[in-house]
Amino acid sequence: MNSFVIPRSVEWHETHVTILNQQKLPSITEYMDLHTLEDVHEAIATLKVRGAPAIGITAAYGLALAASRYETESVDEFQRRLQQDRDYLASARPTAVNLFWALDRLVAAAKSAASVNEAKTMLIHEAIRIQIEDEDVCHRIGEYALSLFRPGDRVMTICNAGSIATARYGTALAPFYLAKEKGIELSVYALETRPVLQGARLTTWELMQAGVDVTLITDNMAAQTIKAKHINAIIVGADRIARNGDTANKIGTFGLALLAQSFGIPFYVAAPLSTIDIKTKTGADIPIEERHPDEVTHLAGVRIAPEGVNVYNPAFDVTPNELITAIITEKGIVRGHYETALPSLFTKEEHHETI
């Protein structure tokens, strides 16, 4: 097995949560400590920590940390404050379903506590469990995804669905790490991902740490690159997958799916079950976060557009399920018939068959 570095995004300590500050990559590798609920909220809202699973893990630790400081002996008062802080953290990002999933999992875990001290311990253990499970989930997603590629394939991706967006390995980037471990050569073409440049700053950085062959292109070079470089497939992560397979992911993903259809190459979505929201029927029901105009009018802090220009800055788009060749989860690869296939994943025990 090859030895290489796979960066980590979140670490738990008894008194604080440490995160890799993704805002400063790639020029500065900085780990910052979050000591309060407000610190955690701000880190999520301002993208210091990003990536649906990593957001969920950070929020879970943040809630457990805040609850550990509640000064009450009343279980009812403890639960009331826990729900209040859960709602506060949930407001940090409205699209990433893992945020709500992780917070609700902690609230549910504390329901059965007979005392405040027991509840505090249960919350910390549950948050740690979420992180450990996520690493295992990402590894299994990577194994399934790798089975779809052949040695020498050239694969395109957008944004960052890598190790620093999860506990480890990532989702869409997991097959590239596992290929590296197994000595299988794959080439990655990463879109820069305007306006916040997660592809340029983060995906290229973390893949280069591991020695994965990665090439950076601007977003408007995708079609030409697919044609000129003979791209074999596109793989992306997801922030929320509706019951029918419609997938919300970083803005630009929908366009890539249309290109994949036009060029006749597969378009894959790699995501854990925690990203599948079976309560959301279709993509039309997914709220799309709009972010501050400065992300579009400024680049690296420098204004690049006229003062007062109108700006539309959706952070995500929704790819219709009919454009998705397969959705890769930790429980297998789902090809079509998402309306019935995705809910069935939640009722099945562990299996390793392709659906």
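How much space lies in the largest cavity? About 250 Å³. That is where I'll start.

A word on the model first. This is a predicted model, so local features need pLDDT of at least 70, side-chain atom pairs count only at pLDDT 80 or more, and totals for chains, interfaces and linings use all residues. Numbering runs from 1 along each chain as its sequence is written, and side-chain values use heavy atoms, with hydrogens and water left out.

Now the cavities. The structure holds 3 of them at 30 Å³ or more. A cavity here is a set of points, on a 1 Å grid over the protein atoms alone, where a 1.4 Å probe fits but cannot get out. A pocket is an open set with protein on both sides within 12 Å along at least five of seven lines. Lining residues have an atom within 4 Å of a point. Grid points are joined across faces, edges and corners, and a volume is the space filled by probe spheres set on the points.

Back to the largest cavity. It is lined by 26 residues. Nearest its centre lie Arg50, Gly51, Ala52, Asn160 and Asp239. H2 supplies the largest share, 3 residues. Helices (H or I, at least four residues) and strands (E, at least two) are DSSP runs, numbered from the N terminus.

What does UniProt place here? An unreviewed entry puts the feature "binding site" at Arg50, Gly51, Ala52, Arg93, Gln198, Asn249 and Lys250. The lining of the largest cavity takes in Arg50, Gly51, Ala52, Arg93, Gln198, Asn249 and Lys250 from this set. A caution: UniProt positions are in the numbering used here, feature names are shortened, and annotations may be inferred rather than shown by experiment.

Take two of those residues. Ala52 sits in helix H2, residues 52-67. Is Ala52 buried or exposed? Buried, at 4% relative accessibility. Buried means under 20% relative accessible area, exposed over 50%, partly exposed in between, with a 1.4 Å probe and protein chains only. Asn249 is in strand E9, residues 247-250. Asn249 is buried too, at 5%. Leaving aside neighbours within four places in sequence, Asn249 contacts Ile158, Val236, Gly237, Ala238, Asp239, Ala315, Phe316 and Asp317. Contact means heavy atoms within 4.5 Å.

Next, the largest pocket. Its volume is about 550 Å³. Of the 24 lining residues, Trp101, Leu273, Ser274, Ile276 and Phe346 are closest to its centre. H2, helix H4 (97-110), helix H5 (116-146) and strand E11 (276-277) each supply at least two residues of the lining. Which element gives the largest share? H4, with 6 residues.

Now a sheet. 3 strands form an open sheet, antiparallel, in the order E1-E2-E3. E1 (10-12) and E3 (31-34) stand at the edges with a single partner strand each, so one side of each has no neighbour in the sheet. The twist averages 25° from one strand to the next. Angles run from 0 to 180 degrees between N-to-C directions, and axes are lines fitted to C-alpha atoms, for helices over the stretch in contact. Strand E2 (residues 17-20) is joined to E3 by 4 bridges. Two strands pair if DSSP finds at least two bridges between them. Val17 stands opposite Leu34 in E3.

Last, Thr204. Thr204 lies in helix H7, residues 198-209. At 10% relative accessibility, Thr204 is buried. Not counting residues up to four places away in sequence, Thr204 touches Ala190, Gly199, Val214 and Leu216.
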